[in-house]
Amino acid sequence: MENLQCQCGHVNPLGTKLCESCGRSLTDKEQNSKLVDMRYEGTARRSQTYNKSIIDKIWNFFSSVKVGVSIIVILLVAAALGTILPQQAFVPANTEATIKAYYADTYGSVGRVYHFLGFHDLYSSYWFIALVGMLAISLVIASLDRFVPLYNSLKNQRVLRHPSFMEKQRVYAQGPGADDTLQKTEAKLKELKYKVRTDKNGLLAEKGRFSRWGPYVNHIGLIIFLVGVMLRMIPGFYVDETLWIREGETRAIPEVPGYSLENVKFALETYTGEGEEARFGEALDRVGTVAKNYQTDIVLYQAPNNSLPGETDNLEVVKEYPIRVNQPLKFDGYAIYQMDYKLNELKTMTFALTDQETEESLGELTIDLIDPNESYELKNGSTVKLLGYYPNFSGFENGEPQTASPLPDNPGFLVKMTTPATPQGETSFITIQNTIEPFGPNQYKLTFQNAEMRNVSGLTVRKDSTLPILGLGGLIFMIGVAQGMYFNHRRFWLQQTDSGDILLAGHTNKNWFGLKKDLDQVSAYASLPAYTDQQEETEKEGEPQS
Amino acid sequence: MATKKKNRLFMRTAILLVMVGAIAFTIYNGVIKEKNELLQVGDQAPDFALTDLNGDRHQLSDYKGQGVFVNFWGTWCKPCEKEFPLMDRQYQVYKDQGVQILAVNIAQSDYEVRQYAEQRNLTFPIVIDKDKSVMEAYNIRPLPTTILVNPEGKITKIITGEMSEEDIVSYMEEIKPE
Amino acid sequence: MTLTAISSNLLYIAFFAYLIATFVFGGAVKGNKKGSFNSEQRWGKVAITITVIGFLAHLGYFFTRWVVSGHAPLSNMFEFTTAFGMTLVGGFIILYSLYKTPVLGMVVLPVALLIIAYASMFPNEISPLIPALQTNWLAIHVSTVVIAEGILAMSAAAGLIYLLKVVDLSKKSKQRFWLEGILYFLVLVVGFVISSSYFTLTNYETTFQYVNKDGQEATIIYNMPPIFGMNESVPLTEDTMTPLAETPPLVDASKLTTVTWSLLVGTVLYVLIRLIVRRRIVQLIQPLMKSVNIQLMDEINYRAVIIGFPIFTLGALVFAMIWAQITWSRFWGWDPKEVWALVTWLFYAAYLHLRLGKGWQGEKSAWLGVIGFAIIMFNLIVVNLIIAGLHSYA
């Protein structure tokens, strides 16, 4: 029961539809159909042949097109489900609990169910990854199972096929021929760039066989791509960090040992609608402001070899560069992208030391909120001494002023003001809103004059060593698709019987229109019998008469 | 024929195993395992060099042979504030037994740090990580975080959050040289 | 006349040329009722000439706009959608030159008209590019996608013709129901165009104040009489219509109102057509399909996918990933638009496997072609306007 023997004597593996040697139909189904099924040349898919152990059963499962397509469709539906509500990465919450609450609060019961089902993080769920993995398995197995027999079958093609094979081809002709029909056909087909082989009274012309490998090539490309995606899980292949950096700051670049970055200036430009931009006037009137450029001017530093974290004295300038959207800073396999920004954080505050009654000023002092001084000298020997600085003042605790964060969002200053008139000094606690005089009314106070602001730039630090692999996979995929889809495999079989009759059959894996155009040219030159498209014939017969 | 079949079974098994293994690896990394921390207990503590308020340079490797209690903190951090006096008290006990404290402030101004230390009469060295490079090297996220480094320079414990005085004592004992 | 004016006039010319050509193609098909191929050829020639003139005007619109704005006019809904209409017609012209099929024109051109009309409902002034779009990848990525979608749409058109011819309308069937459903949807689009043009021409606008999901006050502008109101909404415009129903704060009542008006007008239109002709619309169209060569339609359906699929892959996935890597630092981020490009790609991959591996040809393939187009339209309309993401055009 292992093999099938054809009438011609050739032994075919079980599951073969058309004899590998002569092309006779081997199954009942094939024998009764008007046209042969030429997919995979009627060869036996390898997995159909053996069905023994559990491994073979798993193998066969993944080898089936039905299973492959089912996986594709399930993936497609799953991917679509993930877009009904935003994924957790796009949601303004970042802990388990707040994310859960966000879905419930924002989307009600729908959100609760969505979160419960895990759809809020669908694309990194184990089952979604498993599905992609199953698709990969199916790609490999289905390709192997089909490629090997197809390759053998096309490699070992015989020129002479059994008449029953020929007359069941979609393009078929039969009729009287002349003595030179074969030669003329051969000449014309060669002119049309066909490879022609002859054997006794027949010929086989073939063109574009390589297009048959297209599907397998593109599957290889996909596998390489998926391997690339998998490799990023390995430490060292992939870095994805966020770096918020304020103007004037120098910061170590996360996950990039030895390098640090200084934010010299962050600028946000918007369209003005003037001059060159007048053409956008109407649109700007409608939507208001539109951003034109986000730019962080940076200096990239590298610590000298052998220097340790924390040693910031001998940094070497590597590069000065304006990072803009679409123009990341690239160095040493890393790239830094402009992603986000915050405008106008307090940088300095300027006060005037004034007499509360006369409003006479004894001069101004500017406090650098990032790096304040201990005391500030004014003219006439007046000084303002900083007793305490609370960048983000949040209230008093046991009489002690507190700061909620290191950022100067709501600076508070405890100062001692000494003037010639008040040599003992007066103490005052100043915040943006008010001034507290803890030891009774003072003669002098600090009056706010102005403030300088600075911007914060949000950068993304990225390294992705898998990109070349992904690129290669993509390239191979595209080559495979183009090879399989933009070229086609055309074949003609021609036989002249002893009585001089011509049998002609043509087959292509796609674009029958093009095949017929070739055949028309050959027919005209070699006066071949008129051919019929047997599939069109069948359909016409099947049509209801109206 | 039999060997051919055997070979095929072998090939199929191998291919399936490789692919299933790759998928399991991916799922494990993507779903089950949390983002892998850079530093783990048992690792060699990354060396660093920072300057304290008096301008003295402190390099971690210079303290080889002593236990080092590296505490990352900020002036706005409430638990840091609570544990500092406790740390200082134990520092007085253990500094002569070979345990050093390095309090690493995260990128604040000299003025703020000095003011803060003077007000609390802190005696252990306080260094400032100006460009957060030490913080990056140790992958510090929440404050306070304390890293215990033993006399061999290996990390023996990573503590995030506030410590009680008993905790501090036991940690000091842990890294005290023999 | 300024170049901007020339540009928009060229688009009008294209629109009217397609409109006229639709009827001439219809004439060509109808004239062939008795199988007189001559008249089909003659009228077909006239119709394709008009179509080509329209297409040239359309190209003229596209490139003059490119000159005026300084960037490829593919940067917002209006520009993308009109370009999609253009590639649709371009695809048809190529197919016509190969296969001489007036019936395809009769189907493709009205769809192109609807798409252009739909596009014109969006703000069409020349707008500046936000930083992310300031790159040549805009032209490369979007034009490849729009060409691919134009080609894939040919597959759907051929599929639709195939179905219109082969589906048996004399008895109740799922096929008949869905086929009529497709046509009903097209009528709804007409409904959208009519209602939206009417209210635009009459300058309808009304503003309401409401409490948004964060509990803050916000305003909402309606361009159609408000059927739905936002949470606790208060009119800011005098003498305005009171909304009939209130929506939860998350739902954009203005968009919902637009959709409802379109549904209403479209359905009224559909019912009117049904009442006047006393038949289903499919039944009205099917006689025109009498001389269609279904073999050829199946071939077009398949070849369009074969040609379109690699281009789609290149444009919607490969170029998209390269650009995303440059702009957003990652080549893939599961943004809804990215996901739907993947869904479309997977769908056509399934189509090809079913056709090549399981022998799904003819009617099954035709349905798949039509569904593919539905997915593309879903991505164009729903994903852009409702599922907000990085790609959504404000």
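Two strands count as paired if DSSP finds at least two bridges between them. Keep that in mind for the first part of this talk. The model is predicted.

I start with chain A and its strand β22, residues 490–496. Seven bridges join β22(A) to strand β23, residues 501–508 of chain A, and the two run antiparallel. One of these bridges can be picked out by residue: A:Arg491 has A:His507 as its bridge partner in β23(A). Between β22(A) and β23(A) there are four residues, and the two strands form a hairpin. In the turn sits A:Gly500, with a positive phi of about 95°.

β22(A) also pairs with strand β5 of chain A, residues 202–207. That pairing is antiparallel as well, over six bridges. Here A:Gly202 has A:Gln495 of β22(A) as its bridge partner.

Is β22(A) buried or exposed? Seven of its seven residues are buried, so the strand is largely enclosed by the rest of the structure. You can check this side by side on the model. A:Arg490, A:Phe492, A:Leu494 and A:Gln496 point one way, while A:Arg491, A:Trp493 and A:Gln495 point the other way. Both sets are buried.

Staying with chain A, the UniProt record, an unreviewed entry, lists residues 67–85, 126–148, 216–238 and 467–487 under "transmembrane region". I looked at two of these spans. Residues 126–148 of chain A are 100% helix and 0% strand in the model, and the end C-alpha atoms lie 33 Å apart. Residues 467–487 of chain A are 90% helix and 0% strand, with the end C-alpha atoms 29 Å apart.

Next, the chains together. Two pairs of chains touch, and the pair with the most contacts is A and C. Chain B and chain C do not touch; 15 Å separates their nearest C-alpha atoms.

What does the contact between chains A and B draw on? It takes 40 residues from chain A and 36 residues from chain B. On the chain A side, α3 (54–63), α6 (126–155), β7 (250–252) and β15 (383–390) each supply at least two residues. The element that gives the most to this side is α6(A), with seven residues. Sorted by class, the side of chain A that touches chain B has 22 nonpolar, 13 polar and five charged residues.

Now chain B on its own. Chain B is divided into domain 1 (1–36) and domain 2 (49–175). The C-alpha centres of these two domains lie 48 Å apart. For chain B, the unreviewed UniProt entry lists residues 9–28 as "transmembrane region". In the model that span is 100% helix and 0% strand, and its end C-alpha atoms are 28 Å apart.

Strand β5 of chain B, residues 126–129, is covered on both faces. B:Ile126 and B:Ile128 are on one side, B:Val127 and B:Asp129 are on the other, and all are buried. β5(B) pairs with strand β4 of chain B, residues 99–106, in the parallel sense over four bridges. B:Ala103 stands opposite B:Ile126 in that pairing.

Chain C is divided into domain 1 (1–123), domain 2 (148–169 + 286–394) and domain 3 (172–279). The centres of domain 2 and domain 3 of chain C, taken over C-alpha atoms, are 28 Å apart. Their contact takes eight residues from domain 2 of chain C and six residues from domain 3 of chain C. On the domain 2 side, α5 (136–166) and α11 (363–385) of chain C each supply at least two residues. α5(C) gives the most, with three residues. By class, this side of domain 2 of chain C has seven nonpolar, no polar and one charged residues.

Finally, the nonpolar cores. Which residues of the largest core touch the most other members? They are C:Leu104, C:Ala112, C:Ala157 and C:Ile161, in a core of 134 residues. Helix α9 of chain C, residues 294–328, provides the largest share of this core, 18 residues. Take C:Ile161 as an example. Leaving aside neighbours within four places in sequence, C:Ile161 is in contact with C:Val103, C:Leu104, C:Val107, C:Met289, C:Val292 and C:Met297. There is also a second, separate core of 39 residues, and B:Val68, B:Cys80, B:Val99 and B:Ala117 are among them.

How values were computed
Residues numbered from 1 in each chain as written. Chains lettered and ligands numbered in written order. Predicted model: local features only at pLDDT ≥ 70, side-chain atom pairs only at ≥ 80, totals over all residues. Domains from an automatic or database assignment. Contact = placed C-beta atoms within 7 Å. Nonpolar A, V, L, I, M, F, W, Y, C, P; charged D, E, K, R; others polar. Buried ≥ 20, exposed ≤ 12 C-beta atoms within 10 Å, placed from the backbone. Core = buried A, V, L, I, M, F, W, Y, C linked by C-beta atoms within 7 Å. UniProt positions renumbered as here; feature names shortened; annotations may be inferred.
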